[in-house]
Amino acid sequence: MNCEVLTLFPGIVEAAVGDSILKRAREKGLLNIKITDIRSFTKGKHKTADDVPFGGGPGMVMKPEPVFEAVEAAAGGDGNKAARVILMSPQGPAFSHAKAVELSRETRKLIFICGRYEGIDERVRTLADEELSLGDFVLSGGELAAAAVIEASTRLIPGVLGDDESAGQDSFCEGLLDYPHYTRPAEYRGMKVPEALLSGNHAEIRRWRRKEALRATMQKRPDLLEGAALTDEDRRLIEELENE
Ligand code: SAH
């Protein structure tokens with residue numbers, strides 16, 4: 001994945017993508033990420049990136065010129081056709097696993113525009129191929145939202161996670177929530193790890209995990225079951241759960 005994040009607060013993005021799995025992905029060349037300070041495209045000695053809103057009202061609005069120039073520079077000369085421009089905004093469709101899969105396979109450069117203050121001059125929207133929201137709440141800036149999108153998408157790129165930390169069994173991957181995880185000790189404060197996991201019987205462990213993934217999904221996110229591809233065994237396990 002090849003990304004460029006345009007922001008007035010590069011440090012927030014760098015902190016979020018500079019460690020752990022994303023750091024490794026960058027070192028392996030599986031994630032290329034450039035963080036660009038929109039302020040470097042401002043003019044004049046005050047380097048002003050925001051201004052008062054036309055029509056009055058509270059707060060400041062990010063000026064269009066530096067953002068237009070930053071996007072054009074990031075896209076490289078020929079407009080934004082070679083790139084996919086994503087405007088982080090609470091007004092966009094909510095980010096999802098499906099979108100993460102799509103972005104992890106994107107061959108074009110991804111340009112993320114992060115707003116601050118009351119938002120960005122509306123004319124910037126004409127540069128964007130899409131808006132993307134982290135959810136129905138308002139952040140103070142798009143940086144953490146863009147970092148979350150980059151992190152969730154990057155971990156789906158083959159080779160980013162080791163075999164033993166594969167994303168394939170995580171929640172949402174197969175349309176279900178993940179099964180519960182346990183580690184040592186086998187008993188803690190009277191709470192025992194389920195027998196099946198201690199059995200060493202791989203078929204039993206697999207069946208237990210599938211059943212518990214179905215249980216978690218039924219209890220916490222029953223809406224997901226409608227879209228999930230269920231096998232005959234899944235249906236039998238669901239029947240068992242319903243009869244418990
Ligand atoms: N006045 C705007 C919100 C501005 S918040 C409105 O109500 O629509 C400032 C910036 O934070 C936005 O420009 C956007 O880039 C970012 N932001 C805030 N909430 C977000 C969310 N849920 N998802 C993605 N970006 C968000």
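Predicted model: local features only at pLDDT ≥ 70, side-chain atom pairs only at ≥ 80, totals over all residues.
In strand 6, Ile-113 is the bridge partner of Leu-6. Residues are numbered from 1 along each chain as its sequence is written, and side-chain values use heavy atoms, with hydrogens and water left out.

First, the strands. Strands are DSSP runs of E with at least two residues, helices are runs of H or I with at least four, and both are numbered from the N terminus. Two strands pair if DSSP finds at least two bridges between them. Strand 1 pairs with strand 6 (residues 109-113) in the parallel sense, over four bridges. Strand 1 also pairs with strand 2 (residues 32-37), again in the parallel sense, over six bridges. There, Cys-3 stands opposite Ile-33 of strand 2.

Why is strand 1 largely enclosed by the rest of the structure? Five of the six residues in strand 1 (residues 2-7) are buried, so the rest of the structure largely encloses it. Buried means under 20% relative accessible area, exposed means over 50%, and partly exposed lies in between, with a 1.4 Å probe and protein chains only.

Next, the ligand. It is surrounded by 20 residues, and the closest are Met-88, Gly-115, Glu-118, Phe-137 and Leu-139. A residue counts as near if one of its heavy atoms lies within 4 Å. Polar contacts are pairs of N or O atoms within 3.5 Å. The side chain of Gln-91 has an N or O atom 3.0 Å from an oxygen atom of the ligand. For a polar backbone atom of Gly-115, the distance to a ligand oxygen atom is 2.9 Å. A backbone N or O atom of Gly-141 is 3.4 Å from an oxygen atom of the ligand. Taken alone, the ligand exposes 560 Å², and the protein buries 84% of that; these areas come from the Shrake-Rupley method with a 1.4 Å probe.

Last, the backbone. Which peptide bond is cis? The bond from Arg-184 to Pro-185 is, with omega near 5°. Pro-185 belongs to the loop between helix 5 (143-154) and strand 8 (187-188). Ser-20, a residue other than glycine, has a positive phi near 55°, and its place is in helix 2 (residues 20-27). Lys-47 is not a glycine either, and its phi is positive at about 50°. Lys-47 sits in the loop between strand 2 and strand 3 (50-51).

How values were computed: Polar contact = N/O pair within 3.5 Å; in protein donor to acceptor, adjacent residues only side chain to side chain.
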